[in-house]
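Open the model in a viewer and keep the selection panel at hand.

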Amino acid sequence: MPILTSTLTPPAICSGTTFNYTPMSNISGTTFSWSRASITGILPLGTTGTGNINEVLTNQTAAPLTVHYIYTLTADGCTNPITFDVAVVVNPSPTLTSGLTPPAICSGTVFSYQPTSNTAGTSFSWSRATVAGITPIGPTSGTGNPNEILTNTTNATISVTYVFTLTANGCANNQNVVVSVKPTPTVNAIANKTFCNSTSVPITTISGPVSGTTFTWTNSNTAI
């Protein structure tokens with residue numbers, strides 16, 4: 001009877017990649033047919049075929065899943081009643097669970113972002129390109145939490161993109177984390193003015209270059 005001589009435990013693959021498997025037998029001229037049952041969390045659903053396996057398998061969960069291909073071998077008109085189970089592990093593509101749009105920060109403050117993933121053992125690295133109006137000038141890179149002081153040198157809010165690379169079980173995935181850095185509001189200079197005692201003082205208009213700024217003020221001389 002023909003038997004399967006190729007491995008029953010091929011190397012694991014990453015989600016979204018092709019599982020290639022070439023069956024081999026101890027008997028020349030053996031034909032191979034296979035079937036794969038549907039597995040919750042794996043796409044596509046169950047399939048069948050003959051000979052080699054060449055399927056893109058996607059793991060929709062956060063944990064490794066084992067996919068079983070059941071091979072039936074036939075040679076010289078004889079079918080082996082014993083089937084062969086080829087089991088391949090499909091590792092997940094790790095994703096961020098910590099959110100891709102963290103709260104905005106003010107210019108000159110620390111951007112602190114702790115990346116998390118549901119896939120156990122995930123490691124995190126990041127990079128940030130140069131962004132006009134933001135210091136420090138990029139590119140910068142690191143691992144884990146960026147903990148960068150970002151300064152916006154303009155009068156408008158700027159979006160800064162961190163590209164996080166997540167790696168788990170030999171599989172990597174890139175995701176963008178975008179934080180808004182608000183500018184520091186300032187006041188336009190007002191010229192000094194002198195008024196006589198008990199005279200009517202005209203309204204002084206206070207303005208600044210950052211849109212939407214509100215102003216409060218105090219009098220340094222409480223005798224007036």
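Start with the largest nonpolar core, which has 18 residues; select Leu4, Phe19, Leu57, Tyr69 and Tyr71, the ones with the most contacts inside it. A nonpolar core is here a set of buried Ala, Val, Leu, Ile, Met, Phe, Trp, Tyr and Cys residues joined through side-chain atoms within 4.5 Å. Buried means under 20% relative accessible area, exposed over 50%, and partly exposed in between (1.4 Å probe, protein chains only). Strands S2 (17-21), S3 (31-36), S6 (53-59), S7 and S9 each give two or more residues to this core, and S7 provides the largest share, 5 residues. Strands (E, at least two residues) are DSSP runs numbered from the N terminus.

The model is predicted: local features need pLDDT of at least 70 and side-chain atom pairs count only at pLDDT 80 or more, while totals for chains, interfaces and linings use all residues. Residues are numbered from 1 along each chain as its sequence is written, and side-chain values use heavy atoms, with hydrogens and water left out.

Next, select S9 (residues 84-91), where 6 of 8 residues are buried. Strand S7 (residues 65-75) pairs with S9 in the antiparallel sense over 7 bridges; pairing requires that DSSP finds at least two bridges between two strands. Tyrosine 71 has phenylalanine 84 in S9 as its bridge partner. S1 also joins S9, running parallel, through 2 bridges, and isoleucine 13 is partnered there by valine 90.

Which two cysteines form a disulfide? Cysteine 14 and cysteine 171 do, with their sulfur atoms 2.1 Å apart; the criterion is a pair of cysteine sulfur atoms within 2.5 Å. A search of the whole structure finds 1 disulfide. The torsion about its S-S bond is about -95°, so the disulfide is left-handed. Cysteine 14 lies in S1 (residues 13-14) and cysteine 171 in S17 (residues 171-182), so the pair ties together parts 157 residues apart in sequence. Cysteine 14 is partly exposed at 23% relative accessible area, whereas cysteine 171 is buried at 3%. Two other cysteines to select are cysteine 106, partly exposed at 48%, and cysteine 196, exposed at 60%.

Now follow S17 and show its side chains. Strand S16 (residues 158-168) runs antiparallel to S17, joined by 11 bridges, and valine 163 has asparagine 176 as its bridge partner. In the hairpin of S16 and S17, with 2 residues between the strands, asparagine 169 takes a positive phi near 55°. Strand S10 (residues 105-106) joins S17 in parallel through 2 bridges, with isoleucine 105 opposite valine 181.

Finish with the largest pocket, which holds about 370 Å³ of space. Of its 13 lining residues, select Lys193, Phe195, Val201, Thr204 and Ile224, the closest to its centre. A pocket is an open set of points on a 1 Å grid over the protein atoms alone where a 1.4 Å probe fits, with protein on both sides within 12 Å along at least five of seven lines; lining residues have an atom within 4 Å of a point.

How values were computed: Grid points are joined across faces, edges and corners, and a volume is the space filled by probe spheres set on the points. Helices (H or I, at least four residues) and strands (E, at least two) are DSSP runs, numbered from the N terminus.
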